Amino acid sequence: MKNFNIKAVLFLNYFVFAILLNSVGTVILQMQQNFGITKSSASVLEGFKDLPIAICSFILASFLPKIGIKKSMLIALFLVSCMCFVMPFANEFWFFKLLFTIVGISFALIKISVFTSIGLVTNTDKEHSSFMGYLEGFFMIGVLMGNVLFSLFIDDHNPRSTHWLNVYWVLGGLSTLSFLFLFLTKLNENEAKNEKTDLLGDLKNSISLFSYKKVLFFLLCAFLFVLVEQSFQTWTPTFYKEILKVPTSMSIQAGAVLAGAFALGRFLSGFFSKKFSWIYVVSFCVVGFAISILLVLPLTHNTQININTTWLNAPLVVYLFPLMGGLLAPIYPSINSVILASIPKYLHSAMAGLIVVFSAIGGTIGSIITGFVFQEFSGQQAFYLSLIPLSLLIVSAVIMNKLKINPKK
């Protein structure tokens, strides 16, 4: 298969960062139990992760190809490997702030590099869209495996136990392995570079993207989607622990089930993107997810669950809640692929940077709002609020679909 080695490396890199990035929900739950941190205080971890992603993406996106796509990914993997090997000795909240800052900076390098690389290893718009769907699906497999991995290190009988920190030895080894595989793999980066411009010219190209209405509505879509997605992914473990009253390890495993539903949805998006227009896929998913919220959340009130509850004897709602992720999942790869496929390859790095920036801001705001509403009102009301950005998302997507881009070469 053409470009098989580099495609495999892109999947592996995304897998590693899926675990690290989406462990924030588990860490927030453990911070409350280990160190007595409040929900609103713990929610800032999302900001320590997402704001460095946004800042670094904005600074690096326009000229990262000149720095080197492969070199950038190697730097990112080296940084997170080092930090993972420090974390088993963490005994204060600031360690976790530093961890997610490093993860955020590194992911900015990885995501821009990966999104730019997709255009280098695919030949058609449909191939681009399909590969994007499969890649994002594999990302969710990483989230699933990460939740399962963390749950194996959780001590349900001693909430204050820090034994779970030993999971970072495993993650450090995985990051190092990914580094070695990438180091030994070749990547032709020539098409991602615009040799006619210097760094100032690259920055102007990046800024010029804002002159296209389609780009602006896309960025709004990305912001709104991640606002909803991160709210659910980050706060599902806490929702299960405090609202449904299931054991801690099962709460974290619920995050794995949610990730599994996301993975299935994104793999299916890779299939359906070849059969249907992206706007039909996105519209169906947004409407379906909104309806599922209205049907499932009322079932979470007054559920009777005891300490002996397992996945074999849990009430139906315990299964239904995370499965909603399957409807939400196809949206992100669909809109990302549409916008990237509509611009020249030398602008993919700049566009990927904007995607990461607006996604990061959306994730931070979504997590903080959800954490505040969860603490002051209820978990159900926190998730009902997602109906507002979902409504705005479908309107923005419809407008985006009607707009065209004809960038100057």
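A search of the whole structure, which is a predicted model, finds two salt bridges, a salt bridge being a side-chain nitrogen of Lys or Arg within 4 Å of a carboxyl oxygen of Asp or Glu. In one of them, Asp50 pairs with Lys49, and the closest N and O atoms are 2.9 Å apart. Asp50 is buried, with a relative accessible area of 4%, and Lys49 is buried at 3%, where buried means under 20% relative accessible area, exposed over 50% and partly exposed in between (1.4 Å probe, protein chains only). The other salt bridge joins the side chains of Arg266 and Glu229 (2.9 Å, N to O); because Arg266 lies in helix α12 and Glu229 in helix α11 (residues 213–242), this pair ties together parts that are 37 residues apart in sequence. Helices are DSSP runs (H or I, at least four residues), numbered from the N terminus. Both Arg266 and Glu229 are buried.

The largest nonpolar core has 139 residues, and those with the most contacts inside it are Phe96, Trp164, Tyr168 and Met351; such a core is a set of buried Ala, Val, Leu, Ile, Met, Phe, Trp, Tyr and Cys residues joined through side-chain atoms within 4.5 Å. Helix α7 (residues 93–121) gives the most to this core, with 17 residues. Beyond its neighbours within four places in sequence, Phe96 is in contact (heavy atoms within 4.5 Å) with residues including Val27, Met31, Trp164 and Leu165.

Residues are numbered from 1 along each chain as its sequence is written. Local features need pLDDT of at least 70 and side-chain atom pairs count only at pLDDT 80 or more, while totals for chains, interfaces and linings use all residues, and side-chain values use heavy atoms, with hydrogens and water left out.

Technical notes
Helices (H or I, at least four residues) and strands (E, at least two) are DSSP runs, numbered from the N terminus.
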